[in-house]
Amino acid sequence: MVGADDLLIVGPGVLGRIVAEQWRKEHPGSQIYGQTRTSDHHDELIQMGISPSLKGMQVTHKFPYVIYCAPPYQSPDYPGDVREATLNWNGEGSFVFTSSSAPYDCSDNGPCDEDTPVVPIGRSPRTDTLLKAEKEVLEAGGCVVRLAGLYISFWILSNC
């Protein structure tokens, strides 16, 4: 049974674990689930109070809150993986995709913000992957957060 404040973290690595800690503080009594590609860190997740599962396992229920923190370099079809993750969201609460500031067309290390133009599709396979994944999330009604640096600064591109 999934509760109203329960959270699924797809990719409970560094960022996902930070999210889990904060979520636990703000939503005591909620359950936190973590979806991983391998079972290598499941014991650590259990110790942190995160119920682990493997990607591809049959999910019998959907979650009101889902955050996608898995990096693109581990996936041959990142936009497809993101689309699949949106199917675990019940449409309540929010689905948040943690992207990167890489799609911003700002390569001179100067300032950029949510009004900075994005790299056009076709210029870079890396940004193409991110932009296609972001599109999947927005089409599903989710939110995209572009993070810069080591998760210090971010911009919200859609209302959550």
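I take helix axes as lines fitted to C-alpha atoms over the stretch in contact, with angles running from 0 to 180 degrees between N-to-C directions. Helices (H or I, at least four residues) and strands (E, at least two) are DSSP runs, numbered from the N terminus.

The model is predicted, so I noted that local features need pLDDT of at least 70, side-chain atom pairs count only at pLDDT 80 or more, and totals for chains, interfaces and linings use all residues. Residues are numbered from 1 along each chain as its sequence is written, and side-chain values use heavy atoms, with hydrogens and water left out.

**Helix pair.** I looked up α3 (residues 78-86) against α4 (residues 125-139): the angle is about 20° and the axes lie 8 Å apart. That makes the two helices roughly parallel (angles under 35 degrees count as such). On the α3 side, I find Tyr78, Pro79, Val82, Arg83 and Thr86 in the contact, and on the α4 side Thr129, Leu130, Lys132, Ala133, Glu136 and Val137 (contact means heavy atoms within 4.5 Å).

**Whole chain.** I read four helices and seven strands in the protein chain, in the order β-α-β-α-β-β-α-β-α-β-β from the N terminus. The C-alpha trace spans about 45 × 30 × 30 Å along its principal axes. I also checked burial: 42% of the 160 residues are buried (under 20% relative accessible area, 1.4 Å probe, protein chains only). Of the contacts between residues at least 6 apart in sequence, 60% join residues at least 24 apart.

Technical notes
Angles under 35 degrees count as roughly parallel, over 145 as roughly antiparallel, 65 to 115 as roughly perpendicular and the rest as oblique. Buried means under 20% relative accessible area, exposed over 50%, partly exposed in between (1.4 Å probe, protein chains only).
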